[in-house]
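This report asks to be read beside the sequence and the coordinates. It moves from the whole chain to selected details.

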Amino acid sequence: MLLKRTTSVALPTLAIQFGEGNFLRAFIDWMLNGMKQQGRFNGSVTLVQPQPRGMAEAINAQEGLYTLLLRGVADGKVVEKREIIDVVAGCLDAYTQWEAVQKEFAKPTVKFIFSNTTEAGIEYKEEAYTPGKTQTTFPAKLTALAFERFSQHLPGLTFIPCELIEHNGKTLKKCILQYAKLWELPAAFVEYIEKECVFVDTLVDRIVAGYPRAEAAEMEKSFGYEDKLIDCGEIFHFFVLECAPDALKELPFAECGFNVCVTNDLTPYRTRKVRFLNGAHTANVLAAILGGLKQVDEMMNDPLFGKIVRRSIYDEIFPTVALPDAEKKFFADSIVERFLNPFAHHQLLLISLNSVSKYKVRVLPTLLDYLKMKGELPKCLTFALAALLRFYRIELAADGKAAGCVDGKSYPVSDSPEVLQFFAENRALSAKDFTFAALAKQDFWEMDLTAVPRLAESVAANLEKIEKYGVRQAVEDILQ
């Protein structure tokens, strides 16, 4: 029997969430659900699938219900918590149900807009305004929806993006204002965005493994029902929001027991988290995939890849974070423990999504800071860029799907169309030419990386080594 509601109580839509993937369902929706259970969030959240392909159909088949399983080690003890999340009203497809999305967005009860459209999601690209049809970029979609809401004289909204880019709230607002200018929308609308809407910069932290494919059948037996949306994550969570406290008075996260911090400056939290946790992921998973590994804990327990992960954390990331050593040591140790979580089943391929933009945000600033501080390139993080280039030696199919191949085995590569197109077109170049062409792409890195002293030469040498001797031998050489 598929998981469905036994009773149905219509609740007002208080929030709309762009992004229906595993992370938001195990993070934002989990917290909204917890506040609802405590009587502090008396409504529902409507999800919007922002891409042409997604999970809307599966979510609606279960009427928004799904099982969330949180597992990990806390205070030296194994902890496992299971609950059914019932705060989700349903999911709309932005490409086939745009009119319904517009109507939902224009509900007077709606106050909050959450999102996670990946790091590549909050971007401005010129496109015409197409009333009645969905826009292409996420900010363009929001601009069109906000303009419809403004036109109906409805109150402004609080936007809480969870994309992992610096100043995500401010960047989203900037993009919306750019579209307003491009589309020559009224000055009153610009004032509406500036004065009546709130854009919150955020930082999110929870490792979410997603659907437990290998365990799902056994789990469903123990549950007593079918659930095609089971979501798994770690126990640890942390949410930082940069805004005035009264902006979130109707979202009492901390008062309801969640590890949430409202601050006037999230920079120290962001630097710590992005460089240690996300940076260590992004810097190491692609090489591990090329080495035949599939999950984070498997990577950590591998004698080679586990060692390069630890070295990248303690030797290369650690000195670039401007916090007390004791605090950094505590956080670094906690990261290693979280990566070793035997329950996470965190798939390396899931972490590999959009690796070019992730490397730019999560790893490149550390590499550049290390070079400035030490006068030399960090070996592990430089090697990571070579592994990225090897991972992106791809072929592009007619349907736009990309795949790479190592040792006769193919693997999927997911990124923005322009990134995939570039790497597919240049895949046959020599290691040196491939490296220099990729590192010179300023629209990938927001700078010409061939201008960084010795970087292109070092990356090319590492790429040649990976391709000639295999990634394991290349890692061994780095660790010597």
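The model is predicted, so local features are reported at pLDDT of at least 70 and side-chain atom pairs at pLDDT 80 or more, whereas totals for chains, interfaces and linings use all residues. Residues are numbered from 1 along each chain as its sequence is written, and side-chain values use heavy atoms, with hydrogens and water left out.

**Overall form**

The secondary structure of the protein chain comes to 21 helices and 16 strands; helices (H or I, at least four residues) and strands (E, at least two) are DSSP runs, numbered from the N terminus. For 480 residues a compact globule would have a radius of gyration near 23 Å, and the 23 Å of the protein chain agrees with this; the radius is taken over C-alpha atoms, and the globule rule is 2.2 Å times the number of residues to the power 0.38. The C-alpha trace spans about 60 × 55 × 50 Å along its principal axes. Buried residues make up 55% of the 480 residues, where buried means under 20% relative accessible area, exposed over 50% and partly exposed in between, with a 1.4 Å probe and protein chains only. Of the contacts (heavy atoms within 4.5 Å) with a separation of 6 or more, 74% are between residues 24 or more positions apart.

An open sheet of 3 strands has the order 9-12-13, with mixed pairing; two strands pair if DSSP finds at least two bridges between them. Strand 9 (201-205) and strand 13 (260-263) stand at the edges with a single partner strand each, so one side of each is left without a neighbour in the sheet. Strand 9 runs antiparallel to strand 12 (residues 238-242), and 5 bridges join the two; D205 has F238 in strand 12 as its bridge partner.

**Helix 14 and its surroundings**

Helix 14 (residues 355-362) is largely enclosed by the rest of the structure, because 7 of its 8 residues are buried. These buried residues are S355, V356, S357, K358, Y359, V361 and R362. They pack against several helices, including helix 9 (267-290), helix 16 (379-391) and helix 17 (417-426).

**Aromatic pairs**

The structure holds 29 aromatic pairs; rings of Phe, Tyr and Trp (its six-membered ring) pair if their centres lie within 6.5 Å, and planes under 30 degrees apart count as stacked, over 60 as edge-to-face and the rest as tilted. Two stacked pairs are listed here.

| Pair | Centre to centre | Angle between planes |
|---|---|---|
| F23 and F27 | 5.0 Å | 25 degrees |
| F423 and F444 | 5.9 Å | 25 degrees |

The second pair links distant parts of the chain, with F423 in helix 17 and F444 in helix 19, 21 residues apart. F423 is buried at a relative accessible area of 0%, and F444 is buried at 5%. Both F423 and F444 belong to a cluster linked by ring pairs, which also includes Y359, one of the buried residues of helix 14.

**Positive phi angles**

Most residues other than glycine have a negative phi. D407, not a glycine, has a positive phi of about 50 degrees; D407 lies in the loop between strand 15 (402-406) and strand 16 (409-413) and is exposed, with a relative accessible area of 70%. R454 has a positive phi near 70 degrees; R454 lies in the loop between helix 19 (442-445) and helix 20 (455-469) and is partly exposed, with a relative accessible area of 46%.
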